[in-house]
Amino acid sequence: MAAPTSRKFLGRPSLPERTFVIDALRTETVGGVLLLVAAIVALILANTPLSGVYGDIRDFSFGPQALHLHLSVASWATDGLLTIFFFVAGIELKRELVAGELRDPRTAALPVIAAVCGMAVPALVYVTVSASGGGSLKGWAVPTATDIAFALAVLAVIGTALPAALRAFLLTLAVVDDLGAILIIAIFFTQHINLVALGLSLAALALFWLLHHKGVRTAWIYLPLAVVTWALMHASGVHATISGVAMGLMLRCTVRDGEERSPAERVEHRMRPVSAGVAVPLFALFAAGVPLSGDAVADVFTRPETLGVALGLVVGKAVGVFGGSWCAARFTRAELNEDLAWADVFAVATLAGIGFTVSLLIGELAFPGDPTLAGEIKAAVLIGSLTAALFAGVLLKLRNTKYQRLCQEEERDEDMDGIPDVYELDSPEYHLRMAAIHEAKAAEHRRLAEVAAANDSGDDGPA
């Protein structure tokens, strides 16, 4: 019987996948920088004499009361703007399942196991710390999320490059994290359901799918329908962001005859900048503004709930993602990419401890009746994410020289055909092109040698 063949863990992604990852992460990096700026502005406003004005703006309510939409600015940001974020997350998840790294169960097994462990272990850390200190267990889900935009902003600030395999791994982790967050919000934070509103919302979703299935492409039909679907979902008691995920999952990710891009790719190309550059930074502006006095910071390390969140992000995420990756590779006989080391996996696992946007959202949902504790949980998310970012920055910086070399190799295109050379090493046409290029260079050097020899013989002649 033949020995089982080993598979590659963190192998180089396919060319289409690499192109998608680079384009997606480029937008997320810009959005991450804006997110970081928004969080800093929020903290400044909340901890200066402007805190009163900031609080008044955040708590100002508007909207139709009859439709249960008379909400504060902060609630509009949480329930409204984050729906755009989860809409894009739904598209990402659908694309990964249909055409990305998650389409093949064998390929998907390792990053999915790593991501699931990266959610389970932080929750276990929180429960252990909080229970041992007599704290509430309601915040168990807070440290389970990874904020890829914030993580990429950290990479941009410290000037660290990541090879394509690590970037794809980080994106897959974030996609599975988003799926986990969606399920957590839908299952654990839905208390009272209005069946009529929920039924109408599902009917609106069905109409959305039908129009999309029939090939209708008029945005002015989908936009009002999306708003109605969102409003009905909000009135049903199910968190409104679930409507965004559902609509994202309904978009077709495959290309038909006559199409250059799928509908999902077209919509994502338009909506990702809105999500990363507007929706998420505005949410952070009104969610991250928590007082950080000396007592508040001290409480993070003394109160069991907040300590559980901080340790869950810093320790739980690193142990969960790294441990899940190692165990999955060990028991599936997958071989680590020879260009990388387990230290690189641990660095990315530490980077996954940056859990900003969704962690803040779940923190609000977990403690709706205790604004003081909810604020302290937010402070714990900020401190835990910052600590994880510092650790990851140091670890990645130590390997940056190797990362830069790998990135240069991945981007080299000596035959100038628009495709990196590493993806054409098995192509005869590529080697023929390279042979012609080298032959042309050799002929040019021979000509220059003849010119130089002629000049030398002329200089040695009689004066």
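Just after α4, G134 adopts a positive phi of about 75°. Helices here are DSSP runs of H or I with at least four residues, numbered from the N terminus. Do keep in mind that this is a predicted model, where local features need pLDDT of at least 70, side-chain atom pairs count only at pLDDT 80 or more, and totals for chains, interfaces and linings use all residues. Residues are numbered from 1 along each chain as its sequence is written, and side-chain values use heavy atoms, leaving out hydrogens and water.

Let's stay with α4 for a moment. With 28 residues (105-132) at 1.5 Å a residue, this helix should span 40 Å, and its end C-alpha atoms, 39 Å apart, agree with that; the expected span is 1.5 Å times one less than the number of residues. Even so, α4 has a kink of about 25° centred on P111, the bend being the angle between axes fitted to the seven residues ending there and the seven starting there.

Next, look at R95 in helix α3 (residues 73-98). R95 has a relative accessible area of 12% and is therefore buried (under 20%, with a 1.4 Å probe and protein chains only). Neighbours within four places in sequence aside, R95 is in contact with E17, F20, G100 and C253, contact meaning heavy atoms within 4.5 Å.

On a 1 Å grid over the protein atoms alone, a pocket is an open set of points with protein on both sides within 12 Å along at least five of seven lines, a cavity is a set where a 1.4 Å probe fits but cannot get out, and lining residues have an atom within 4 Å of a point. The largest pocket holds about 1,100 Å³, and its lining has 38 residues, with E364, L365, F367, P368 and G369 nearest the centre. Helix α15 gives the largest share of that lining, seven residues.

The second largest pocket holds about 930 Å³. Its lining has 28 residues, and F87, Y222, L223, V267 and M271 lie nearest its centre.

Two cavities of 30 Å³ or more turn up in a search of the whole structure. The largest, about 200 Å³, is lined by 18 residues, of which E28, F85, I148, A149 and D178 are closest to its centre. The second largest cavity has a volume of about 80 Å³, and helix α16 (residues 400-411) provides the largest share of its lining, three residues.

Definitions and conventions:
Helix = DSSP H or I, 4+ residues; strand = E, 2+ residues; numbered from the N terminus. Buried < 20%, exposed > 50% of the residue type's maximum accessible area, 1.4 Å probe, protein only. Points joined across faces, edges and corners; volume = space filled by probe spheres on them.
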